[in-house]
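Subject: The structure, and what I found in it

Hi,

Here is the structure for you to look over. Open it alongside this email and follow along as you read.

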Amino acid sequence: MALPLRLPRFSLRAASVLFSLGTLSACVSTPGPQVAGSGQCHDASLGWAVGQTADEATLKRLSGESGAGLINPIGPTTAVKHDTRSDRLRVYIDAQNRITAARCE
């Protein structure tokens, strides 16, 4: 004689937690940005960017030309921690969304 199959009962909250975990696992499995080269930042040739609009295309160009593994846009009200990383390019942006400096810091 076969016993009746009992399925576990899930509350709405448990179902939403399981759904969230599944959604988050998809985010974790996606790769991060790819860095070509050593990831070391070089800012000697980035003076052209001062005065330019800080749009996506300009920031991508700065990232590629600097070789930095990390680009860090700094707005006019952004607090900056004064730590130094050899792989980071900080792009300082004014209130009019214009680049005021691009430095490896």
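This is a predicted model: local features need pLDDT of at least 70, side-chain atom pairs count only at pLDDT 80 or more; totals for chains, interfaces and linings use all residues.

**Layout.** You'll find 2 helices and 3 strands in the protein. Going along the sequence, they come in the pattern α-α-β-β-β. Of the 105 residues, 20% are buried. The exposed surface comes to about 7,900 Å², with 59% of that supplied by carbon and sulfur atoms. As for how the chain folds back on itself, take the contacts between residues at least 6 apart in sequence: 40% of them join residues at least 24 apart.

**The sheet.** The 3 strands form an open sheet in the order β1-β2-β3, and the pairing is mixed. β1 (70-74) and β3 sit at the edges with a single partner strand each, so one side of each has no neighbour in the sheet. On average, neighbouring strands are turned by 15° against each other, if you ignore direction. β1 and β2 run in the parallel sense where they pair, over 5 bridges. To find your way into the sheet, look for Leu70, which stands opposite Arg88 in β2. In general, strands of a sheet pair through backbone hydrogen bonds, in either a parallel or an antiparallel way.

**The core.** Which residues make up the largest nonpolar core? There are 12 in all: Cys41, Leu46, Ala49, Ala54, Leu59, Leu62, Ala68, Leu89, Val91, Ile93, Ile99 and Ala102. The elements that give two or more residues to this core are α2 (56-66), β2 (88-93) and β3 (99-104). β2 has the largest share, with 3 residues. For background, nonpolar side chains tend to be buried together in soluble globular proteins.

Asp94 is in the loop between β2 and β3. Is Asp94 buried, exposed or partly exposed? Its relative accessible area is 25%, so Asp94 counts as partly exposed, the cut-off for buried being under 20%. The side chain of Asp94 reaches the backbone nitrogen of Gln96 at 3.0 Å. If you leave aside neighbours within four places in sequence, Asp94 is in contact with Pro76 and Thr100. Ala54, one of the core residues, lies 40 residues away from Asp94 along the chain, yet their C-alpha atoms are separated by 9.3 Å.

That's everything from my side.

Cheers

Notes:
Residues are numbered from 1 along each chain as its sequence is written. Side-chain values use heavy atoms; hydrogens and water are left out. A nonpolar core is a set of buried Ala, Val, Leu, Ile, Met, Phe, Trp, Tyr and Cys residues joined through side-chain atoms within 4.5 Å. Buried means under 20% relative accessible area, exposed over 50%, partly exposed in between (1.4 Å probe, protein chains only). Helices (H or I, at least four residues) and strands (E, at least two) are DSSP runs, numbered from the N terminus. Two strands pair if DSSP finds at least two bridges between them. Axes are lines fitted to C-alpha atoms, for helices over the stretch in contact, and angles run from 0 to 180 degrees between N-to-C directions. Contact means heavy atoms within 4.5 Å. Accessible areas come from the Shrake-Rupley method with a 1.4 Å probe; for residues, only the protein chains shown count as cover. A polar contact is a pair of N or O atoms within 3.5 Å; within protein, one must be able to donate a hydrogen and the other to accept it, and residues adjacent in sequence count only if both atoms are side-chain atoms.
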